Amino acid sequence: MDNRFEYLEHTADAKFRAYGKSLEEVFENAAFAMFNVMIDTSTVSTKISREIELNSEDMESLLFNWLSEILFVFEVESIVFAKFIVDKLEQDEDGCRLFARAVGEEINLSKHKFGTEVKAATYNGMMIEKMSGGWMIQATVDT
Amino acid sequence: MSEENESSVFNVLKRIDDNIWEVPIDYMPGMRVPGRIFVSEHLLSILEKETIDQVANVATLPGILKYSMAMPDAHLGYGFSIGGVAAFDKETGVISPGGVGFDINCGVRLIRTNLSENDVRPKLSTLLDDLFEAIPTGVGSKSRIRVSDAELDDIFVNGVQWAVDNGYGVKADVDNCESAGKIPGADPSKVSIKARKRGRPQLGTLGSGNHFLEVQYVDKIYDEEAASAFGLREGQITFMIHCGSRGAGHQICTDHLQVLTQASRKYNITLPDKQLACAPAQSPEAQDYFKAMLCAANYAWVNRHVIMHWTREVFEKTFAEEFGDLGMDLVYDVAHNIAKLEEHDVDGRKTEVYVHRKGATRAFAPGHPDLPEVYRTIGQPVIIPGSMGTASYVLRSTKESMDISFGSACHGAGRVMSRKSAKRDLQGEQIREELSLKGIQVRASQPSLIAEEAPEVYKSSSEVVDVVHELGIATKVARLLPMGVIKG
C-alpha cells in the first residue's frame, strides 16, 4: 500500500487517512486517496490539467469543498485524475483559500479500471491534524 | 460477532419488547428523546456500537418527536445511521440533509409482468445482455437523453408527469408511485448551476455501488389477498430497479450541506457530528434545502421511470409483444432516502412533522389518503430489496406503523462487511460462478463490484423482514428470487 494514504474499515462507505509533510501535501494525498476508491489511478495518464481555486470559512469546509470540486469536474468533464498539486493553501481571518491543479485525462473505458463510484465527500469523522513530521487527514466519502 | 460487541451493545440498551430496544435518554448528554432500535437479539449482536451512537446523536437535535429510530437493517452511516428515522416538529424542529443523505430519493420500483419463469429462463442471457446495453451503468455513465435547462426545471417540478407527457410510460405509472412521482413545493431556483450540469446528462442512468436492476420471479406468496391486489402470483416474472437522483442529488446535498453547516452555528445548534448540520425547519436555509431536495426527489422518480421505460422496450424486443400485452405494470415505487412534510398523530394530537427517512421506506397505513386508490384498502406496497443473489420481499403496510415508526419500515438487507474487506476477502469471478450455479446470472461493469456487493457482505434480508413482520409495521406478502442481476 501507498504510504501517502491508507483505507480504514467502514461498513458502507470509504474511509481513509492521508498523510503529508505539509498541509498542501496532505490535501493532495486526500484527493488522491478518494480518487483511488473510484479508479486505479496507475491506469491514468497525466495529459490534462484543471486549475481549482476555492475559498472557505475554515479548513474543514475547505477540505470538503476540495474533494467535492474534484468529483464535480470528474463527472461533468469526464476527466479522471491521477495527480493533484496544491500550489498554495492560505489561512487568515478572512478564511481559507486553496490554489491547486488536478491532472489526468479524459475517461477511456477500455483503458481505465474503475472501482466504486464516490457519490460525495462528507464531514463524517473528518479530522485535519498536525502530527510529528507533518499532517494527517481523515475523511469518509459516500459510496 | 465478538463477545466484546455483545456485552457492550446489550449493556447499554433497554429491552422494551422482543424486537424493540431503547437507547436511554441519558446514554449521551443532550439527548432530548430516547432512541428506539428495532432489531432482533441476533441482529443487535451484529450491530456496530457506533450505530447506536448515531441514533443517540440524532436524538439531540431540536424539535425531535417521540424517538430517534433505527430500522432492523440499521448500520453505520454518516450523520444519521443507515436505517435511521426521525420526525421533527414543523415549527420547533429542524431539517437536516444528514437525515436524507447524498443520494436523495434513492429508492426502488417493482414492475410485474404476465410472463412466467419458464418463458424467461431460455432467453435470460440475451435479455440481460440487451438490458446491460440499453441502460447506462457504472461510474460516470451518461444517458442517451440530453435535457435542456428548461426541461430540467420541468422535471424538478413535475417529476414523473413530465416523463409521461414526453412519451415515457403511461398514466398508471404516475398513480402507482409514492407521492405520484412528484412532491409539490420543489423550487428549481434553489438548485445550483453545478447540480444542473450534473443532472442534465444522467437521466435514465443506474449509477454504481449498491444500485441494480434485477429480473426476478415470485417464489412464495404469504398473503393471497394482498398479492392479488398488487397483481402478484407465484412463478410470475417481476423486475426491480434500485437507484436514485445521481449527480444532481449528490450536488444538491453537497451545496446545501455547506450552507447548513454555517446555519447551525448561526442558530446556535450544538452538533455531535458535523454531518448532522441543520437549521430550524422554518428558517430560509432549511427551506431552501428542502425545496432543492424536493427537486432531486422528483428527478430520482423520473430517473427510475425512464429506466423502466427502456426496460419495457428491451422486453418488447425480446418477447416480440407490446409491454401492455406483457402486463408490465408498475406495482409501486418507494423512496428510501428522503425528508417529507407529513401529518402524524403525536400524543393524540395531529401534528405536521418533517419525517427524515435515511435508508428507510415509507409504510403508510391502509386508508391513508396519500395511497393510490387501488391500494387504499389493502395497504401500501412496501418493497424491500435483498442483496445480490438473495430474496427481495413485498410487504403491505399496517396501521401499527403509524404509532411505532411514523409510518416507516426497513429499506433492505443492510451491510455487515465493508467494501474494503469484501474486496480483500472475496473474489468477484468466484462469486459470479457461485451465483451462476444457483441459476443467477450477473452482469457488472467490474468484477470487483461483484465482490463488494456479494451476498456475504449483507445481513440476511429474510431476517430483517421477519423483524418488520413480527413488529407489525408491515407484513409479508410475497418473496421474490433473483434470476438475473445488472450492477453498475
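**How chains A and B meet**

In this predicted model, 40 residues of chain B are in contact with 29 residues of chain A.

Reader: Which element gives the most to the side of chain B that touches chain A?

Author: α11(B) does, with eight residues. β4, α9, α14 and α16 of chain B each supply at least two.

Reader: What makes up that side of chain B, by residue type?

Author: It divides into 22 polar, eleven charged and seven nonpolar residues.

Reader: Why is α2(A) called roughly antiparallel to α11(B)?

Author: Take the angle. The two axes cross at roughly 160°. Angles over 145 degrees count as roughly antiparallel. So α2(A) is roughly antiparallel to α11(B).

Reader: What else describes the pair α2(A) and α11(B), beside the angle?

Author: Their axes come within 11 Å. The crossing is left-handed.

Reader: Which residues make the contact of these helices?

Author: From α2(A) come S61(A), S68(A), F72(A) and E75(A). From α11(B) come G247(B), Q251(B), T254(B), Q258(B) and T261(B).

Reader: How many residues of this contact are polar?

Author: Seven are polar, with one nonpolar and one charged.

Reader: Which residues have the most contacts inside the largest nonpolar core?

Author: A30(A), L67(A) and M293(B) do, in a core of 216 residues. Helix α12 of chain B, residues 284-319, gives the most to this core, with 19 residues.

Reader: What makes V100(B) count as touching M293(B)?

Author: Contact needs C-beta atoms within 7 Å. V100(B) is among the residues that M293(B) touches.

Note on methods
Residues numbered from 1 in each chain as written. Chains lettered and ligands numbered in written order. Predicted model: local features only at pLDDT ≥ 70, side-chain atom pairs only at ≥ 80, totals over all residues. Contact = placed C-beta atoms within 7 Å. Helix = DSSP H or I, 4+ residues; strand = E, 2+ residues; numbered from the N terminus. Nonpolar A, V, L, I, M, F, W, Y, C, P; charged D, E, K, R; others polar. Axes fitted to C-alpha atoms, helices over the stretch in contact; angles between N-to-C directions. Parallel < 35°, antiparallel > 145°, perpendicular 65-115°, else oblique. Left-handed = near helix turned anticlockwise from the far one by under 90°. Core = buried A, V, L, I, M, F, W, Y, C linked by C-beta atoms within 7 Å. Buried ≥ 20, exposed ≤ 12 C-beta atoms within 10 Å, placed from the backbone. Lists of a residue's contacts leave out its neighbours within four places in sequence.
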